[in-house]
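Subject: A structure for you to look through

Hi there,

Here is the structure I promised to pass on.

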Amino acid sequence: MTSRWVYGLVFLVCAALLATALYMEKVMGLEPCPLCWLQRFAFAGAGLVALVAFLHRPSGFGNRVYGFLLALTAGAGLGVAGRQLWLQSLPADQAPACGPSVDYMLDVLPWFEVLKTALQGTGDCAEVVWRFLGLSIPGWTALFFAVLVVIGLVMMFRRYRPKSWLLR
């Protein structure tokens, strides 16, 4: 499988995960917490990197750059998912208090304060509202982010054959 198709597959997976998040919000009625929004942005970033790489058709050094960017965005998402999993593991009396919605924070706070508050997490982030096969939503996103980090690292460090026209 060429690197172009790997990036195309990564883009499709990220798009499917974002569509699933929208389904869970709009159809199932699950309200995303601030950390959920950050995880969505990380999937969107990883998907955008993969789409640009797919369209660009990189080779050699270009594959290494796109692999690094993919690992970086997915690694950031993995950190956010890990933070939410940690919040969910806290006893109820140690979980942070519930905070305002993301929409409200965007209306009244500067963007940097919204990001800072979102990264700290709220009581909403500590609540487990859905499980599948024993994993909560951030558990599943952490799993997908870990796979994307591995794919990015493989794309960074795999050997690339030089083009035949370069050897002439």
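Ser-3 sits in helix H1; helices here are DSSP runs of H or I with at least four residues, numbered from the N terminus. Ser-3 is buried, at a relative accessible area of 7%, where buried means under 20% relative accessible area, exposed means over 50%, and partly exposed is in between (1.4 Å probe, protein chains only). Its side chain makes a polar contact of 3.1 Å with the side chain of Asn-63. (A polar contact is a pair of N or O atoms within 3.5 Å; within protein, one must be able to donate a hydrogen and the other to accept it, and residues adjacent in sequence count only if both atoms are side-chain atoms.) Leaving aside neighbours within four places in sequence, Ser-3 is also in contact (heavy atoms within 4.5 Å) with Pro-58, Met-155 and Arg-158, among others.

Before going further, please keep in mind that this is a predicted model: local features need pLDDT of at least 70, side-chain atom pairs count only at pLDDT 80 or more, and totals for chains, interfaces and linings use all residues. Residues are numbered from 1 along each chain as its sequence is written, and side-chain values use heavy atoms, with hydrogens and water left out.

Now for the nonpolar core, meaning a set of buried Ala, Val, Leu, Ile, Met, Phe, Trp, Tyr and Cys residues joined through side-chain atoms within 4.5 Å. The largest one has 21 residues, and Tyr-7, Cys-14 and Phe-43 are among those with the most contacts inside it. Helices H1 (3–26), H2 (34–56), H3 (61–89) and H7 (137–157) each supply at least two of its residues, and H2 gives the most, with 7. Another core, of 6 residues including Cys-33 and Val-80, lies apart from it.

Gly-67 belongs to helix H3 and is buried, with 0% relative accessibility. Beyond its neighbours within four places in sequence, Gly-67 is in contact with Tyr-7, Gly-152, Met-155 and Met-156.

How many salt bridges are there? The count is 2, taking a salt bridge as a side-chain nitrogen of Lys or Arg within 4 Å of a carboxyl oxygen of Asp or Glu. One joins Lys-26 and Glu-25 (3.8 Å, N to O), and the other joins Arg-40 and Glu-25 (2.8 Å, N to O). Arg-40 in helix H2 and Glu-25 in helix H1 are 15 residues apart, so this pair links distant parts of the chain. Both Arg-40 and Glu-25 are buried, whereas Lys-26 is exposed at 62%.

Enjoy exploring!
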